[in-house]
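This report describes charged side chains in a structure shown below. Please keep the sequence and the model in view while reading.

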Amino acid sequence: MRIGSFSVLLNIILSFVIITGVIFYLKKDSLNDTHLREFQKNYALKANLKFEDLPKIEQSKYIKKESVNVNIFKKTIKKLKFNMNIIQNDNMQLSNDKEDLEKIIQNLKKQFEQQRNRLLEQNIKQINETELQHYKNISELRAKINDLQRENIKLLEKNNIEIIALKAKINILNDKLKK
């Protein structure tokens with residue numbers, strides 16, 4: 001799980017807890033009001049009913065719930081607000097860090113792409129140079145081979161002339177010998 005996802009999840013949970021607490025608090029007040037109205041109807045009390053007119057048991061329930069729940073609720077809300085501020089600050093920091101990291105990653109990607117392109121260009125240039133050198137070497141070798149073949153042909157012709165000349169001398173010497 002990513003840090004950003006965790007913060008979002010924590011924000012959602014804390015928001016849910018706060019909303020649920022408020023709803024329960026309001027519902028309890030609503031229930032107390034409803035209970036009080038029912039009590040008035042059931043006992044046919046006057047419209048100007050005072051708290052003191054309620055039975056002591058009802059008064060203690062109402063006071064007890066009101067004082068305990070409000071204090072607990074206020075403390076809980078205060079803690080939740082404090083935690084919410086911390087989480088919001090953490091979220092802001094994480095968001096800033098995320099943006100910084102995205103910039104760094106983009107910069108690194110750009111550098112990597114530039115370096116990759118440079119290396120590709122260098123490799124292509126080197127391959128082209130090597131290929132040109134290879135063709136040059138082949139051309140030079142062909143020229144040397146052609147030169148050697150021409151020299152061999154000249155030597156063969158020279159040798160053939162010498163052979164013919166020697167054969168002619170041999171024939172002359174043979175003729176002289178026979179005479």
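## The pair D147 and R150

In this predicted model, D147 and R150 are joined by a salt bridge, with their closest N and O atoms 2.5 Å apart. A salt bridge is a side-chain nitrogen of Lys or Arg within 4 Å of a carboxyl oxygen of Asp or Glu. Both residues lie in helix α2, three residues apart, about one turn of the helix; helices are DSSP runs (H or I, at least four residues), numbered from the N terminus.

D147 is partly exposed at 37% relative accessible area, and R150 is partly exposed at 49%. Here, partly exposed lies between buried (under 20% relative accessible area) and exposed (over 50%), with a 1.4 Å probe and protein chains only.

## The pair E113 and R116

A salt bridge also links the side chains of E113 and R116 (2.8 Å, N to O). These two residues are likewise in helix α2, three residues apart. E113 has a relative accessible area of 33%, and R116 has 38%. The count of salt bridges comes to two.

## A negative patch

D97, E99, D100 and E102 form a negative surface patch. Patch residues have over 30% relative accessible area and no salt bridge, and like charges are joined within 9 Å. D97 belongs to helix α2 (residues 56–178) and is partly exposed at 31%.

## Basis of the values

Residues are numbered from 1 along each chain, and side-chain values use heavy atoms, without hydrogens and water. Local features need pLDDT of at least 70, side-chain atom pairs count only at pLDDT 80 or more, and totals for chains, interfaces and linings use all residues.

Terms used. Patches are made of residues with over 30% relative accessible area and no salt bridge: like charges are joined within 9 Å, nonpolar side chains (Val, Leu, Ile, Met, Phe, Trp, Tyr) within 5 Å. Accessible areas come from the Shrake-Rupley method with a 1.4 Å probe; for residues, only the protein chains shown count as cover. Lys and Arg count as positive and Asp and Glu as negative; His and the chain ends are not counted. The place of a charge is taken as NZ of Lys, CZ of Arg, CG of Asp or CD of Glu.
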